[in-house]
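Hi,

Here is the model I promised to pass on.

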Amino acid sequence: MTGTRTTAGPAAAPAAVSGERIDAHLARFAGLTEPGSGPGCTRLAYSPLERDAHAVFAAHMGALGLTVATDPAGNTVAELPGEPGVPAVGTGSHLDTVPRGGGYDGIVGVVAAMEVAEVAVRLRLPHRRPWRFVAFAAEEGARFGQACNGSRMAAGLTGAADLPGLTDREGRTMADAMAAVGLRPDLVDGARWRPEDWFAFVELHIEQGEVLASEGLDVGVVDVISGSTRLLVEVTGRATHSGGTPMHLRHDALVTAAHCVELGDRFARRPGNEGLRVTVGRLGVEPNSITTVPGAVEFSVDIRDVDPVRQRAAAKALAHDFAAAAGEHGTALTTRVLADTPPVVLPEWVAGHAEAACAAVGAAYRVLPSGASHDTQQVNHVVPAGMIFVPSDGGLSHVPEESTPTPQIATGVRALLETLRGLDRAER
Ligand code: GLV
Ligand code: MN
Ligand code: MN
């Protein structure tokens with residue numbers, strides 16, 4: 001890490017981070033949930049509510065005097081200008097949620113960006129680089145299978161040609177969903193970030209695990225982000241009367257699926273597979289009737305690992321084992337790869353700035369890997385990127401109970417602010 005220029009801001013900058021403002025922003029976003037969707041927050045990728053959340057972000061940044069723009073992929077970017085021609089530093093996260101998710105995953109990182117921008121503007125923090133604040137679109141893979149869609153488009157990893165092939169459960173394509181909320185799926189190739197415009201990007205996020213909370217730490221600095229391979233498995237059996245059909249004449253698609261669920265769970269628990277995670281989180285049964293033997297089942301498999309070789313090998317092995325299980329049960333089975341993202345090792349020099357910032361604000365921290373996927377994983381392809389984690393209460397995430405105490409968020413925001421200030425002064 002080298003610092004070539006000093007733009008010392010007021011020493012009071014971290015102290016100006018306000019827990020009250022953070023709470024107010026979180027409450028505002030928590031109110032944007034699909035009516036009747038049950039507990040927690042449901043604000044799916046490329047839904048009107050996700051756009052409403054982006055509008056809240058844009059209004060806040062606009063009121064601070066930043067320039068705000070939304071790209072064709074739906075990413076909203078606010079900029080505090082810097083010296084002309086100097087590559088930017090940036091921060092941000094996402095505002096969409098999983099069905100019945102919480103109010104913190106992604107949102108905390110966007111709220112952190114809103115608070116950093118407010119402190120920078122209020123204190124007129126000296127800086128030479130443009131500071132960009134980003135709300136990425138459609139990070140959650142829960143709707144379309146593929147995660148980090150807005151950031152993938154910013155990184156050039158997903159393009160206009162891919163969008164008609166990504167569908168939700170209702171069969172709606174991502175292209176249609178985007179157009180329905182006023183975005184331009186045909187123009188997303190123009191949403192690509194230019195590496196020369198960027199110096200570094202740092203995302204603040206909740207940990208979504210229990211490491212920080214269990215060790216009593218304030219902050220995590222991420223070194224590697226897990227990859228994920230997502231499979232869609234379709235089992236076809238024969239639907240028939242549950243009373244009239246003896247056991248030996250059945251082709252029960254759900255029995256096959258249940259066998260596959262157990263195969264996946266056992267596979268990930270095998271000695272030598274420590275760190276691999278296999279989850280069947282979604283399962284649909286046809287006709288889903290008490291008195292009919294299930295004729296068809298569709299289920300998802302989410303395979304996560306920080307080791308790309310083991311991640312892909314697990315996907316292959318499971319597809320093979322599932323086919324064998326279907327054979328045993330007299331059913332037919334197909335496996336399709338819905339999405340595949342490799343793990344990403346984040347650059348050490350960016351993490352070094354985050355570690356120095358933690359020390360500067362007195363945050364107790366450790367370096368740790370991320371089990372979840374993040375927009376940082378994608379934008380790291382075009383801009384050197386890092387992540388700061390704040391603790392998750394009970395390690396819970398993707399559920400309504402997800403939470404992080406405001407003082408812990410505020411500590412993370414202080415560390416983020418100092419990280420950006422360090423990066424503002426630095427050269428590679
Ligand atoms: C994002 O939340 C993920 O599914 O990892
Ligand atoms: Mn997230
Ligand atoms: Mn998530």
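Some housekeeping. This is a predicted model, in which local features need pLDDT of at least 70 and side-chain atom pairs count only at pLDDT 80 or more, while totals for chains, interfaces and linings use all residues. Residues are numbered from 1 along each chain as its sequence is written, chains are lettered from A and ligands numbered from 1 in the order in which they are written, and side-chain values use heavy atoms, with hydrogens and water left out.

Back to Ser228. This residue sits in strand 8; helices (H or I, at least four residues) and strands (E, at least two) are DSSP runs, numbered from the N terminus. Leaving out neighbours within four places in sequence, Ser228 is in contact (heavy atoms within 4.5 Å) with Asp302, Ile303, Arg304, Gln311, Ala339, Asp340, Thr341 and Ser373.

Now the metals. Donors here are N, O and S atoms within 2.8 Å of the metal (3.2 Å for Na, K and Ca), and water is not among the atoms, so sites may look incomplete. The manganese ion (ligand 2) is held by His94 (NE2), Asp105 (OD) and His205 (NE2), at 2.0 to 2.2 Å. Along the sequence, its donor residues are spaced H-x10-D-x99-H. His94 belongs to strand 4 (residues 88-94), and Asp105 to the loop between strand 4 and helix 3 (107-122), 11 residues apart. His94 is buried at a relative accessible area of 0%, and Asp105 is buried at 5%.

The manganese ion (ligand 3) is coordinated by Asp105 (OD), Glu140 (OE), Glu140 (OE) and His398 (NE2), at 2.0 to 2.6 Å. The spacing of its donors along the chain is D-x34-E-x257-H. Asp105 bridges the manganese ion (ligand 3) and the manganese ion (ligand 2), which are 3.6 Å apart. Asp105 is in the loop between strand 4 and helix 3, and Glu140 in the loop between strand 5 (131-136) and helix 4 (149-154), so this pair ties together parts 35 residues apart in sequence. Asp105 and Glu140 are both buried.

Next, helix 8 (residues 308-329). After the helix comes Gly330, whose phi is positive, near 70 degrees.

Then the salt bridges, each a side-chain nitrogen of Lys or Arg within 4 Å of a carboxyl oxygen of Asp or Glu. The structure holds 19 of them. Arg310 pairs with Asp305, with the closest N and O atoms 2.6 Å apart, and Arg310 and Asp305 are buried. Asp302 bridges to Arg230 at 3.2 Å between the closest N and O atoms. Asp302 lies in strand 13 and Arg230 in strand 8, so that pair ties together parts 72 residues apart in sequence. Both Asp302 and Arg230 are buried.

In helix 3, Arg122 and Glu118 are 4 residues apart, about one helical turn, and their side chains form a salt bridge (2.8 Å, N to O). Arg122 is exposed at 55% relative accessibility, whereas Glu118 is buried at 8%.

Last one: Ile22, in helix 1 (residues 19-30), is buried at 0% relative accessibility. Beyond residues up to four places away in sequence, Ile22 touches Val17, Val111, Glu115, Thr406, Ile409, Ala410 and Val413.

Cheers

How values were computed
Buried means under 20% relative accessible area, exposed over 50%, partly exposed in between (1.4 Å probe, protein chains only).
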